[in-house]
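Here are my notes for you on this one. Keep the viewer open and click along as you read.

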Amino acid sequence: MAIWERLRQGLSRTREGFLAPLEAMVKERGGLDAEALEEIEDLLIAADVGPEAAGELVARLRAGLDKGAVSWDQVQAALEEEVAELLAGAEVDWTPPEARPGVLLFVGVNGSGKTTTCAKVGWMLKRQGLRVLFAAADTFRAAAIDQLTQLGDELGVEVIAHRPGADPGAVVHDALAHAGSKGYDCVLVDTAGRLQTKRPLMEELGKVRRVVEKLAGRPPDERILVVDATVGQNAISQAELFHEAVELTGLAITKLDGSAKGGAVIPIWRALEIPILWIGLGKGLADIAPFRAREFAQALLRR
Ligand SMILES: Nc1nc2c(ncn2[C@@H]2O[C@H](COP(=O)(O)OP(=O)(O)OP(=O)(O)O)[C@@H](O)[C@H]2O)c(=O)[nH]1
Ligand SMILES: [Mg+2]
């Protein structure tokens, strides 16, 4: 299935929860009056768009549309336009780091999809002809090391791993040294899932960052927070703490397939203003796509 279809399908729960009642209401009223606009705001909030962004979207709609007889098609098109505009800044034309080896650090809370996203991105870079190395810096659980090692085998990507319980900083140190001597283009670092509230674990991430700084003379080129779309706006508080620890450069929003909280992408972007590099649309290695604001708005708002 094409990525676009998968995005549409992934957002279908969010879309239907929002569009069906909205369409019924606009059609019934034969246009947009003050009450209808208020109801749109409530529906947007219910779709996890957040009160602030919902208020702004409705204000824009109010300004952009004649209050008289507006058709459903006009309302739909205007909303789509506003959402696409609101998210435009979140979209980037991402290219792999130019430095060698480029270092991509994946961080996030437990189960958000770090290891999977690391593998997906590795596969993507490999297909672009880059030589990729994985660093299993999640030494917290033996299963985590096995998971990345297995993914590496599947993809033909070498994995640097130490035993469970080892220092993640040491893994990254070895990975960078190995990448340098073997001429790898990119090192992708998988880290342990952590509760953002656990300070020692967050400090460990800071340490990983410093190891890279010491060896490469610069921080990891990308510090990517992997967030699970199904947690909705909770992603914002998560991100703030990870940002403190490693200064995030990008987001990967996973599990947009099947989330009923797809609308949360809007407040997440507005609160953080960290570019959304990729979206995850399934468990498979090819289920990843660059974030495109207009595509997202269409998938969210067009039937
Ligand atoms: N549907 C769906 N599932 C995903 C996606 N990304 C990851 N998953 C699944 O989410 C689960 C957790 O993924 P992992 O990549 O292991 O997550 P993690 O952040 O590395 O987890 P920990 O290392 O335990 O913190 C797995 O079952 C993945 O297959 C996605 O985009 N869509
Ligand atoms: Mg993991």
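1. Start with the ligand. The residues of the shell around ligand 1 divide into two nonpolar, 12 polar and six charged. Bear in mind as you go that this is a predicted model. In total, 20 residues surround ligand 1, and the closest are Gly113, Thr115, Thr116, Gly193 and Gly280. Which helix gives the most to this shell? That is helix 6 (residues 114–127), with three residues.

2. Now for the core. The largest nonpolar core has 97 residues. If you want to find the ones with the most contacts inside it, click on Leu133, Ala135, Ala136, Val172, Val187, Leu188 and Val189. Strand 2 (residues 132–137) gives the most to this core, with six residues.

3. Stay with Ala136 for a moment. Leaving out residues up to four places away in sequence, Ala136 touches Ile145, Leu148, Thr149, Val159, Ile160, Ala161, Val171 and Asp190.

4. Next, have a look at a helix pair. Helix 5 (residues 72–87) packs with helix 12 (residues 293–301) at an angle of about 145°, and their axes are 8 Å apart. Is the crossing right-handed or left-handed? For helix 5 and helix 12, the crossing is right-handed.

5. Who meets whom in that pair? On the helix 5 side you'll find Gln76, Leu79, Glu80, Val83, Ala84 and Leu87. They meet Ala293, Arg294, Phe296, Ala297, Gln298, Leu300 and Leu301 in helix 12. Sorted by class, this contact has nine nonpolar, two polar and two charged residues.

6. Ala293 lies in helix 12, and counts as partly exposed because it has 19 C-beta neighbours inside 10 Å, while a buried residue needs 20 or more. Not counting residues up to four places away in sequence, Ala293 touches Ala84, Leu87, Ala88, Ala90 and Glu91. Take Ala90: along the chain, Ala293 and Ala90 are 203 residues apart, yet their C-alpha atoms are separated by 7.3 Å.

7. Over to helix 11 (residues 265–272). Which of its residues are buried? They are Val265, Ile266, Pro267, Ile268 and Trp269. These buried residues pack against helix 4 (51–64), helix 5, helix 10 (234–246), strand 6 (250–254), strand 7 (276–280) and helix 12. Just after helix 11, Glu273 takes a positive phi of about 50°.

8. Glu247 isn't a glycine, but has a positive phi of about 55°; look for Glu247 in the loop between helix 10 and strand 6. Lys255 isn't a glycine either, and its positive phi is about 60°. You'll find Lys255 in the loop between strand 6 and helix 11.

9. Are those two residues buried or partly exposed? Glu247 counts as partly exposed, because it has 13 C-beta neighbours inside 10 Å. Lys255 is buried, since 23 other C-beta atoms lie within 10 Å.

10. One last stop: a cis peptide bond. It joins Arg100 and Pro101, with omega at about -15°. To get there, go to the loop between helix 5 and strand 1 (102–107), where Pro101 is found.

Notes
Residues are numbered from 1 along each chain as its sequence is written. Chains are lettered from A and ligands numbered from 1 in the order in which they are written. This is a predicted model: local features need pLDDT of at least 70, side-chain atom pairs count only at pLDDT 80 or more; totals for chains, interfaces and linings use all residues. A residue is near a molecule or strand if its C-beta atom, placed from the backbone, lies within 6 Å of it. Helices (H or I, at least four residues) and strands (E, at least two) are DSSP runs, numbered from the N terminus. Ala, Val, Leu, Ile, Met, Phe, Trp, Tyr, Cys and Pro count as nonpolar, Asp, Glu, Lys and Arg as charged, and the others, Gly among them, as polar. Axes are lines fitted to C-alpha atoms, for helices over the stretch in contact, and angles run from 0 to 180 degrees between N-to-C directions. A crossing is left-handed if the near helix is turned anticlockwise from the far one by less than a right angle, and right-handed if clockwise. Two residues are in contact if their C-beta atoms, placed from the backbone, lie within 7 Å. A nonpolar core is a set of buried Ala, Val, Leu, Ile, Met, Phe, Trp, Tyr and Cys residues joined through C-beta atoms within 7 Å. A residue is buried if 20 or more other C-beta atoms lie within 10 Å of its own, exposed if 12 or fewer, and partly exposed in between; C-beta atoms are placed from the backbone.
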